[in-house]
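Biologist: I would like to learn how to read a few features of a protein model. Could we take them in turn, with the general idea before the case?

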Amino acid sequence: MINEKPRSGYTLPVFAAASAIAALQWLKQRQAIASVMVDLINPAETVEIAIEQVSGIGETTALAITRSDPGDNLDLTRNTPIWAMVELSRGAGEMGGWGDGGMGGIPNLHKQLSPPPYLPTSLPPHPPSQESPITLKGGEGIGRIVETEGKAAIYAYARQLLQGNLARLLTPEERITVTIILPEGRQLALRTSNAAFGVVEGLSLLGTSGISQPLSASGQLDISLEELKEKIKQLNNSPAIVFCIGENGLNFALKLGISPERLVKTANWLGPMLVEAGTQGLREILLFGYHGKLIKLAGGIFHTHHHLADGRQEIFTAHCAKVGLPTPVLQRVFAQSTADAALNYLRALDAENGSNWVEQVYDSIAQAIDDRSQTYIYNQIQQQVSVGSVLFDRQRQIIVKSKIGTKLLNQMC
């Protein structure tokens, strides 16, 4: 059997930039565009990105569409359309816009794009200086950052990519407004934990590189294990380490004051990572993560990507039954669409009745996570490893610390 190297792809900002480049080129050239070249900046290379569609929607406005290709990742944005609308002006003239003149001659597209939801929802988190010829906006499907009063979740690398690639196409007197639209972004965001970290109503244009490494593909597990081994070597025989579930868990752990030397960011390969940690001699592991992800471990699911297994509502309902919640409440819990919705329902129930069901249910879940994880490791390598867990919610508030988790967290903070 030949193991092929997993194929890398590109991050969402790259496709957003490609769409914007195509729209701007159309305004300047008025001809079909099959692909554009995008300078990734990081890494320092230029790549060709296919353009699905591009068209003018007025004398000074054009729209282009690309589709996301993240490579061999189990990525929910695969094949997602990314739109960019570019409005061009020269000198002190008025920008083309969403008025009748801007959409003239294309009535069907006018109906599709206007009125909302396709109007821009917010301004950028860091508005460009007055001298900048490029204004970036987030349209429908681009998330809004709660802590910045709802501004568009278009982060530093995406801005750099858009500004850098577009500025070189402009003459000194030209100005453009670029609106990025993810028609499926709002729906896809419901399948992420973005809201746990203050991004709502859509996806982020996030990342520090244009390359989407296939971290979810099986061929990358060996890389993750090697990174874990290297981290353990750097601990100088310390028995404890923290598994942070994803980038968000890592950032929260750092804010709590846990030393970076103890932190290992994990993706969905929690089972093999736990076993490797035990094999390398670690005797204490703290699992630190968003409750909607870690709850899967309480059901014995040790590869947590939603494409492979879920069961969160079933696990949540089972623990509600275990602590004695009545049948009508169990039925309501099971009917909730997400773990967050189930948590909020129990919180409302506690507030109404003065009960403490949230505490009881999550104590049970956290203990199950610890027990299942310890058993998983022992069944694989016959080693006793102490595993604790800390679960937090969308607002980055800790919901529960297991007994072992409390001990380990106190040692590390």
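Predicted model: local features only at pLDDT ≥ 70, side-chain atom pairs only at ≥ 80, totals over all residues.

Biologist: Let us begin with strand β13, residues 240–245. How many of the six residues of this strand are buried?

Modeller: Buried means under 20% relative accessible area. In β13, six of the six residues are buried, so the strand is largely enclosed by the rest of the structure.

Biologist: Which residues of β13 lie on one side and which on the other?

Modeller: Ala240, Val242 and Cys244 are on one side, and Ile241, Phe243 and Ile245 are on the other. Both faces are covered, as all of these residues are buried.

Biologist: Which strands are joined to β13 by bridges?

Modeller: Strand β15, residues 284–290, runs parallel to β13 and is joined to it by five bridges. Within that pairing, Phe243 has Leu287 as its bridge partner. Strand β14, residues 263–266, is also parallel to β13, with four bridges between them. There, Ile245 is partnered by Thr266.

Biologist: Next, the helices. What describes two packed helices?

Modeller: The angle between their axes and the distance between the axes. Here, take helix α10 (residues 312–322) and helix α13 (residues 357–381): their axes come within 9 Å and cross at roughly 115°. The crossing of α10 past α13 is right-handed.

Biologist: Which residues make the contact?

Modeller: From α10 they are Phe316, His319, Cys320 and Lys322. From α13 they are Val361, Tyr362, Ser364, Ile365 and Ala368. Sorted by class, the contact of α10 with α13 has six nonpolar residues, two polar and one charged.

Biologist: Last, a single residue. Where is Val47 found, and what does it touch?

Modeller: Val47 is in strand β3, residues 46–50. Its relative accessible area is 6%, so Val47 counts as buried. Leaving out residues up to four places away in sequence, Val47 touches Tyr10, Val36, Met37, Val38 and Leu40.

Note on methods:
Residues numbered from 1 in each chain as written. Heavy atoms only, no water. Axes fitted to C-alpha atoms, helices over the stretch in contact; angles between N-to-C directions. Helix = DSSP H or I, 4+ residues; strand = E, 2+ residues; numbered from the N terminus. Left-handed = near helix turned anticlockwise from the far one by under 90°. Contact = heavy atoms within 4.5 Å. Nonpolar A, V, L, I, M, F, W, Y, C, P; charged D, E, K, R; others polar. Buried < 20%, exposed > 50% of the residue type's maximum accessible area, 1.4 Å probe, protein only. Pairing = 2+ DSSP bridges.
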